[in-house]
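Reader: Please pick one part of this model and take me through it closely. Then set it against the rest of the chain. Keep it brisk.

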Amino acid sequence: MAAPLLLDLVLETATNPGTGSFTLNGSVQDRRSFASAAPGGGQVFYFADDGTQAEWGVGVLTVGTPNTLSRQTVTGTTQNTAQALNFTGTVRVYSWVSASYTPVLDGNGSLALRGDLSAQNGTLKTLTVTATCTVPGVTDWGSHQAASALDVQNRFINRDVGGGNLPVLNIQLVNAPTADNSLAYFQFLTSWGALAVPTNGNVSYQIRSYAQPIGDYATNGSLNTAVGNLNASIATKQPVGTYVTTQTATSGSSGDLKIEAANFSNSVNAPYLSGYKPDGSLTAYILAQLGDLPLDRTKKIHVFQVTARDKDRVTFPTAFGGNPDGIALTGMVNKIYHYNSYDSGGFSMGVSDSGDPQSVTVIAIGPK
C-alpha cells in the first residue's frame with residue numbers, strides 16, 4: 001500500500017469547514033496549492049490550524065472547481081482526540097507529516113517499524129545487511145517468506161560433497177501428489193542426468209505383478225497326466241449348450257417346481273413345462289401362447305355389479321388408460337339399460353321406465 005504524500009511548500013486556506021472536508025481557497029503568497037503538488041485522488045498528509053486549535057492526519061485530494069481535501073484519517077488534535085474538529089472562520093491547511101508517521105532512530109542507531117518495510121510498488125530492490133539479519137521462523141513454505149538457518153538446516157540438499165561423491169541437484173516425488181501408489185517414484189537429478197528410485201508402493205506393485213504367487217505346483221509330467229484325466233472326464237459330461245436352470249426345492253415348500261425341460265416344438269398340442277415336484281412326482285404345465293389369450297395384453301376388463309338410478313354416475317373400480325372400447329349393461333328383464341357421458345373413469349347410467357335403483361352388471365373393456 002502506497003504511503004500518503006508529503007508535499008513541499010504547500011499552504012492554502014479554507015473557510016468555515018466545520019467537521020467536513022476542506023474547500024481550498026488557493027495557495028497563500030509564496031506557497032503552492034495542493035492541486036499543483038499532488039494528483040487528484042491521492043492521499044496526502046495535512047495539518048489544519050485556525051489559531052486556537054489544530055488537527056493533523058491523512059486526507060484525500062479531489063481536484064476540481066473548487067479543489068477539496070477530505071479528512072480521511074484524523075491521527076491527532078490539540079484536544080487529544082482522533083476526531084475531526086469543528087473549525088469556524090479561516091483555517092490554514094498545509095502539508096506536514098505527524099510524529100506517528102515519522103521514523104526515528106533510537107539511542108543505539110536502530111530503527112523500529114510499526115508495519116512493513118517496502119519500496120515503490122511494494123518491492124525493495126536491494127537490502128544490504130552488514131552484520132546479522134535475523135528473521136522469524138517460516139510459517140508457510142509455499143510462500144516467499146525468508147527462511148532462517150534453523151529452518152533450512154537438513155531441509156534442503158547440500159551440494160558441498162567431496163571424496164569423489166556426486167552432488168544431487170534436485171529431488172522430486174513423481175506421480176504421488178497425495179499418497180504412495182504403484183506409479184510413484186523418486187527422481188534424483190544429477191549433473192549427468194536423472195535417476196529414478198521406486199517408492200514402497202511401486203516396489204510392492206512390481207513384486208505382486210512379476211512374482212509367482214504362493215502355491216503347490218505340479219511337475220511337468222504330473223501336470224500332463226492331470227490334464228489328460230481332466231479332458232477325459234470333461235468328454236463324458238454334458239456338452240456345451242443353453243439349458244434351463246434348476247432350483248432345488250425349499251424344505252417344506254410343496255409348491256416348488258424343479259424344471260426339467262421346456263418343450264416348445266409340439267405343433268399338435270400346446271407347449272408345456274415338465275418337471276418334478278418336491279415329493280419326486282413328475283408333472284406338466286400347459287403354457288398359453290399369446291394368440292391363445294382372450295384379450296390383447298394392452299387391454300383390461302372390468303366386470304362388476306352396481307346399484308344405480310337413471311342418470312347416476314357409475315365409477316370403474318380402476319380407471320382405464322383412455323376411453324373404454326365398449327361397455328355392456330345387463331339387469332332386470334323388461335328394462336332397457338344404456339350409458340352415456342363415458343370417459344376413462346366411468347359413465348352415466350341410463351334406465352328406462354323407472355326411477356328406482358336398479359341392480360346392474362357392468363362389463364367394460366378398455367386400455368390399461
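Author: Ala 149 counts as exposed because its relative accessibility is 63%, and the cut-off for exposed is over 50%. Keep in mind that this is a predicted model. Ala 149 belongs to helix H2, which covers residues 149-152. Ala 149 and Thr 134 are 15 residues apart along the chain. Their C-alpha atoms are separated by 9.2 Å.

Now the surface further along. Leu 166, Ile 171, Leu 173, Phe 186, Trp 192, Leu 195 and Val 197 make a nonpolar patch of about 630 Å². Two strands each supply at least two residues of that patch: S7 (170-174) and S9 (193-198). Take Val 197 as the example. Val 197 sits in strand S9. Its relative accessibility is 31%, so Val 197 counts as partly exposed. Ala 149, at 63%, counts as exposed.

The largest nonpolar core holds 17 residues. Phe 22, Phe 34, Ala 48, Leu 69 and Val 93 touch the most other members. Four strands each supply at least two residues of this core: S2 (22-27), S3 (43-49), S5 (68-77) and S6 (90-94). S3 gives the most, with three residues. Look at Phe 22, setting aside its neighbours within four places in sequence. Phe 22 is then in contact with Ala 14, Pro 17, Tyr 46, Ala 48, Asn 67, Thr 68, Leu 69, Arg 71, Phe 87, Val 91 and Val 93.

Some backbone details deserve a check on screen. Thr 65 and Pro 66 are joined by a cis peptide bond, with omega about 5 degrees. Pro 66 lies in the loop between strand S4 (54-62) and S5. The loop between S5 and S6 holds Asn 80. Asn 80 is not a glycine, yet its phi is positive, about 60 degrees. Asn 80 is exposed because its relative accessible area is 74%. Lys 311 is another residue other than glycine with a positive phi, near 75 degrees. Its place is the loop between strand S13 (299-308) and strand S14 (313-315). Lys 311 has a relative accessible area of 69%, so Lys 311 is exposed.

Now step back to the whole chain. The chain has four helices and 18 strands. Of its 368 residues, 22% are buried. Take the contacts with a separation of 6 or more: residues 24 or more positions apart account for 45% of them. The chain exposes about 25900 Å². Carbon and sulfur atoms supply 52% of that area.

Last, confidence. The chain averages a pLDDT of 83. A score of at least 70 is reached by 81% of the residues. Among the elements, S6 has the highest mean pLDDT, 97. S6 is also one of the strands that supply at least two residues of the 17-residue core. Strand S10 (residues 258-263) has the lowest mean pLDDT, 55. Where pLDDT is low, the predicted coordinates should not be read in detail.

Notes. Residues numbered from 1 in each chain as written. Predicted model: local features only at pLDDT ≥ 70, side-chain atom pairs only at ≥ 80, totals over all residues. Heavy atoms only, no water. Core = buried A, V, L, I, M, F, W, Y, C linked by side-chain atoms within 4.5 Å. Buried < 20%, exposed > 50% of the residue type's maximum accessible area, 1.4 Å probe, protein only. Contact = heavy atoms within 4.5 Å. Patch = residues over 30% accessible without salt bridge, like charges linked within 9 Å, V, L, I, M, F, W, Y side chains within 5 Å. Areas by Shrake-Rupley, 256 points an atom, 1.4 Å probe, with all protein chains shown as cover. Salt bridge = Lys/Arg side-chain N within 4 Å of Asp/Glu carboxyl O. pLDDT = per-residue confidence, 0-100.
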